Amino acid sequence: MNKKPTSPHIQIYRWNATSLTSIMHRASGIALYFSVIAICWYIVHYAYQINIGIEEENCDCWSKGLLKCLFLSAVFILTGALYYHFFNGIRHLFWDIDKGFELKTAKTNSYLVIFLATIFTLATFGIAFYL
Amino acid sequence: MKKIKISPSTKTGSHHWIHQRVSAVAMIPLIIWLCFSGVQIAQDPQGYLPVFFAYPLNAVMGIILVVASLYHGSLGMRVIIEDYISNKMKMHFYIMLVHFLSFSTAIAGILAIIRLHLIG
């Protein structure tokens, strides 16, 4: 086997807000990429139906309720991912113009991004369903 | 004297980086539009979804969002694939797969939005 010393792997390091936001930026990016593709193909499916806006079957079965529940939770998670990627992306753009690199600022901004994403997700769902 | 061998660059790094940022900035207003229209659709999906793309603003914003997000997404996926897949063969295969997926999805999505715009 390889006897060379290896650099410490990810589980060695202590978790902190800055590394967590960085990893979550990638994870949410991947999730959003595949969801954009799914939404696009859903629009294609929707546009080429025969009678747009008319549901064919209207059964009251449990599978439909389950599907709706799954769909809503997927939309909830993706809304969170979208807001998170949006706010953290703005943070990345500020880094690109050389702002916000101090350790303390970066830490505060990580918490700020997570906080804003949570608040906006809950607010969006609140407005969409209770207004 | 041994000559230093400089490995050839792919010459795509900076152009890739700038395009990623430009598409990110372009998507800020598009995402704000998406959130407002998502809430609007959620209020009455049955009534609003068939006519959503009939409004010119929604059709234009939708098409730009599809193109910008898939472009931004394929650039990002390319970076992730380059980081985590060390086998060069596999790496190029997955990058091409992502490009093909993004390209075909963008064309199909644009066509569907145009169709919904015309018949909605």
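This note goes through a predicted model, taking the chains, their contact and one residue in turn.

1. **Chain B, overall.** Chain B contains 4 helices and 0 strands. Along the sequence the pattern reads α-α-α-α. Of its 120 residues, 18% count as buried. Take the contacts in chain B with a separation of 6 or more: 70% of them are between residues 24 or more positions apart.

2. **H3 and H4 of chain B.** H3(B) and H4(B) pack with their axes 10 Å apart, at an angle of about 175°. Angles over 145 degrees count as roughly antiparallel, so H3(B) is roughly antiparallel to H4(B). On the H3(B) side the contact includes B:Ala59, B:Ile63, B:Val66, B:Leu70, B:Gly73, B:Met77 and B:Ile81. On the H4(B) side, B:Met91, B:Ile95, B:Val98, B:Ala106, B:Ile110 and B:His117 are among them. By type, the residues of this contact divide into 14 nonpolar, 8 polar and 2 charged.

3. **H1 and H3 of chain A.** Helix H1 of chain A covers residues 17-47, and helix H3 of chain A covers residues 103-130. They pack at an angle of about 50°, and their axes are 8 Å apart. Angles under 35 degrees count as roughly parallel, and 65 to 115 as roughly perpendicular. The crossing of H1(A) and H3(A) is left-handed. H1(A) contributes A:Ala17, A:Thr18 and A:Thr21 to the contact. H3(A) contributes A:Ala106, A:Lys107, A:Ser110, A:Tyr111 and A:Val113. The residues of this contact divide into 4 nonpolar, 3 polar and 1 charged.

4. **Where the chains meet.** On chain B, 26 residues are in contact with 22 residues of chain A. Three helices of chain B each supply at least two residues to the side that touches chain A: H1 (13-43), H3 (56-84) and H4 (88-119). That side of chain B divides into 17 nonpolar, 7 polar and 2 charged residues.

5. Which elements give two or more residues to the largest nonpolar core? The core itself has 26 residues. H1, H2 and H3 of chain A give two or more residues, together with H3 and H4 of chain B. H1(A) gives the most to this core, with 7 residues. The residues with the most contacts inside the core are A:Val36, A:Tyr83, A:Tyr84 and A:Phe87.

6. Set aside the neighbours within four places in sequence. A:Val36 is then in contact with B:Ser69, B:Leu70 and B:Gly73. B:Leu70 and B:Gly73 also take part in the contact of H3(B) with H4(B).

7. **A:Arg91.** This residue lies in helix H2 of chain A, residues 62-96. Is A:Arg91 buried or partly exposed? A:Arg91 has 18 C-beta neighbours inside 10 Å. A residue needs 20 or more to count as buried, and 12 or fewer to count as exposed. A:Arg91 therefore counts as partly exposed. Not counting residues up to four places away in sequence, A:Arg91 touches A:Gly100, A:Asn109 and A:Val113. A:Arg91 and A:Val113 are 22 residues apart along the chain, and their C-alpha atoms are separated by 8.3 Å. A:Val113 is also one of the H3(A) residues in the contact with H1(A).

Technical notes
Residues are numbered from 1 along each chain as its sequence is written. Chains are lettered from A and ligands numbered from 1 in the order in which they are written. This is a predicted model: local features need pLDDT of at least 70, side-chain atom pairs count only at pLDDT 80 or more; totals for chains, interfaces and linings use all residues. Two residues are in contact if their C-beta atoms, placed from the backbone, lie within 7 Å. Ala, Val, Leu, Ile, Met, Phe, Trp, Tyr, Cys and Pro count as nonpolar, Asp, Glu, Lys and Arg as charged, and the others, Gly among them, as polar. Axes are lines fitted to C-alpha atoms, for helices over the stretch in contact, and angles run from 0 to 180 degrees between N-to-C directions. A crossing is left-handed if the near helix is turned anticlockwise from the far one by less than a right angle, and right-handed if clockwise. A nonpolar core is a set of buried Ala, Val, Leu, Ile, Met, Phe, Trp, Tyr and Cys residues joined through C-beta atoms within 7 Å.
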